[in-house]
Amino acid sequence: MGSCFNNSSLACSHLLASDFSRPLKLPKILHLKGQFCRSRRATQFWAFHGLTTPPYKLDALEPYMSQRTLEMHWGKHHRGYVDCLNKQLENNNVLYGYTMDELVKATYNNGNPLPEFNNAAQVWNHDFFWESMQPDGGKTPEGGVLQKIEKDFGSFANFKEKFVNAALSVFGSGWIWLVLKTKEKRLEVVKTSNAVTPLVWGDIPIISLDMWEHAYYLDYKNDRGKYVNIFMNHLVSWNAAKARMARAEAFVNLGEPKIPVA
């Protein structure tokens, strides 16, 4: 009988941006979040990704995002992506040992996605999305984040208008992102279709908004405009954005320093 253990201490936080510099390779030791098992009778590893819990209670975003929405969105849809990904990985030993960041980049396969990409990317996207919100969020950012937004967009009002308009222009399902472009060293609003994340292009995400219908329909029906404006005014976490910006700018300007996790 194989031995198993839970290793929740290996959970990867998206609060600070991902490691964008490391080449894709199989680590010598599995460091995936969640559970992994090793059979005493074989050398094969079974590695599983776990379902990350949002950094707040499921009713903490009310009245702007209901507990019912979180229970369905996180508890059903997000969990479904995790479960499907784990089933796919059972049949693909080559991908064992990758962190979620590495898995997303590897399965994107330079624009020719492998079967595992959609589920892996949606797991990553949702982990990042939950941490892009906070109770009593919204309002206006402060300090360096605001200064950078004003520099790259002209004003916070211009940024907000561009973000909202981009979100409302998404046809079908997709995501809206505020990213730091690594080559240009500037912030931009980008939109992606379905499961695609700017991570695969080398951009560094700062905040994200899920524009799949299941993200807003229980609370706002087909009123996407209300959902997007509620996110900007009451939900977006500029605290998370501040930490991500510090990590992103350090990566772009200095290489790869070790920045303490807040």
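Predicted model: local features only at pLDDT ≥ 70, side-chain atom pairs only at ≥ 80, totals over all residues.
Biologist: Why is His78 called buried?

Modeller: Its relative accessible area is 0%. Buried means under 20%. Therefore His78 counts as buried. His78 is found in helix α1, residues 67-89.

Biologist: What makes His78 and Trp130 a polar contact?

Modeller: Their side chains are joined at 3.0 Å. The cut-off is within 3.5 Å, so the pair qualifies. Trp130 is also among the residues in contact with His78, as are Leu51, His126 and Asp127.

Biologist: Why are the rings of Trp124 and Phe128 called stacked?

Modeller: The ring centres are 5.2 Å apart, and the planes are at 10 degrees. Centres must lie within 6.5 Å, and planes under 30 degrees apart count as stacked. So this pair is stacked. Both residues lie in helix α3, four residues apart, about one turn of the helix. Trp124 and Phe128 are both buried.

Biologist: Why are the rings of Phe128 and Trp177 called tilted?

Modeller: Here the centres are 6.0 Å apart and the planes are at 45 degrees. Stacked needs under 30 degrees and edge-to-face needs over 60, so this pair falls under tilted. The pair links distant parts of the chain: Phe128 is in helix α3 and Trp177 is in strand β4, 49 residues apart. Trp177 is buried, like Phe128.

Biologist: Which residues do ring pairs link into a cluster?

Modeller: Trp124, Phe128, Phe129, Trp130, Trp175 and Trp177.

Biologist: How do you know that the charged end of Arg244 sits over the ring of Phe128?

Modeller: The charged end is 3.6 Å from the ring centre. The distance limit is within 6 Å, and the angle to the ring normal must be within 35 degrees. The pair is listed as sitting over the ring, so both conditions hold. Arg79 likewise sits over the ring of Trp74, 5.9 Å from its centre.

Biologist: What makes strand β6 largely enclosed by the rest of the structure?

Modeller: Seven of its seven residues, 204-210, are buried, so the strand is largely enclosed. Strand β4, residues 174-181, pairs with β6 in the antiparallel sense.

Biologist: How do you know that β4 and β6 pair?

Modeller: There are six bridges between them. At least two are needed, so the strands pair. Leu178 stands opposite Ile207 in β6.

Biologist: Which residues touch the most other members of the largest nonpolar core?

Modeller: Phe159, Leu209, Tyr227 and Trp238, out of 72 residues. Helix α3, residues 117-130, gives the largest share, eight residues. Trp238 touches Phe159, Ile207 and Met232, among others.

Methods. Residues numbered from 1 in each chain as written. Heavy atoms only, no water. Core = buried A, V, L, I, M, F, W, Y, C linked by side-chain atoms within 4.5 Å. Buried < 20%, exposed > 50% of the residue type's maximum accessible area, 1.4 Å probe, protein only. Contact = heavy atoms within 4.5 Å. Polar contact = N/O pair within 3.5 Å; in protein donor to acceptor, adjacent residues only side chain to side chain. Lists of a residue's contacts leave out its neighbours within four places in sequence.
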